[in-house]
Amino acid sequence: MGILAWILLGLLAGIIAKMLMPGRDPGGLIITVLIGIVGALLGGWLGKVIFGVDSVDGFFELSTWIAAIVGSLILLIVFRLFRRAAH
């Protein structure tokens, strides 16, 4: 996938993750995109390590979206835990 596809996937996966885990988070669109992009990479890596599948096949593949959203949810949980510990 191209860089623009990763950014779009990251934006949408980050938004979906925040909708699934509502709450106040600092940062706006940029943090959402970063969480989504890194979450997509994390989800793809976890899919390969745990299940032995290439879960980041293409932009329109369901496995890509599931991996991106699950990875984004994991990162959002970690982000909130670190933020809570810092306060």
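View 1. At 1.5 Å a residue, the 23 residues of H2 should span 33 Å, and the end C-alpha atoms of H2 lie 31 Å apart, which agrees; the expected span is 1.5 Å times one less than the number of residues in the helix. Helices (H or I, at least four residues) and strands (E, at least two) are DSSP runs, numbered from the N terminus. This is a predicted model, in which local features need pLDDT of at least 70 and side-chain atom pairs count only at pLDDT 80 or more, while totals for chains, interfaces and linings use all residues. Residues are numbered from 1 along each chain as its sequence is written, and side-chain values use heavy atoms, with hydrogens and water left out. The buried residues of H2 are Thr32, Val33, Ile35, Gly36, Ile37, Gly39, Ala40, Gly43, Gly44 and Gly47, where buried means under 20% relative accessible area, exposed over 50% and partly exposed in between (1.4 Å probe, protein chains only). Their cover includes H1 and H3. After H2 comes Gly52, whose phi is positive, near 70 degrees.

**View 2. The whole chain as a setting for the close-ups.** The chain has three helices and zero strands, and from the N terminus on its elements run α-α-α. Of the 87 residues in the chain, 34% are buried. Among contacts (heavy atoms within 4.5 Å), residues 24 or more positions apart account for 69% of those in the chain with a separation of 6 or more.

**View 3. Helix H3 and the helices it packs against.** Helix H3 covers residues 62–86, and its 25 residues should span 36 Å at 1.5 Å a residue; the end C-alpha atoms are 36 Å apart, which agrees. Thr64, Trp65, Ala67, Ala68, Ile69, Gly71, Ser72, Leu76 and Arg80 are the buried residues of H3, and these pack against helix H1 (3–20) and helix H2 (29–51).

**View 4. Where H2 meets H3.** H2 and H3 pack at an angle of about 120 degrees, with their axes 6 Å apart; axes are lines fitted to C-alpha atoms, for helices over the stretch in contact, and angles run from 0 to 180 degrees between N-to-C directions. Residues of H2 that take part include Ile35, Gly39 and Leu46, while those of H3 include Ala67, Gly71 and Phe79. By class, this contact of H2 with H3 has twelve nonpolar, six polar and no charged residues, if Ala, Val, Leu, Ile, Met, Phe, Trp, Tyr, Cys and Pro count as nonpolar, Asp, Glu, Lys and Arg as charged, and the others, Gly among them, as polar.

**View 5. Ser72, a buried residue of helix H3.** Ser72 lies in helix H3 and counts as buried, because its relative accessibility is 0%. Leaving aside residues up to four places away in sequence, Ser72 touches Ala13, Gly14, Ala17, Ile35, Gly36, Gly39 and Ala40.

View 6. Leu41 belongs to helix H2 and is partly exposed, with a relative accessible area of 48%. Gly58, by contrast, is in the loop between H2 and H3, and at 15% relative accessibility Gly58 counts as buried.
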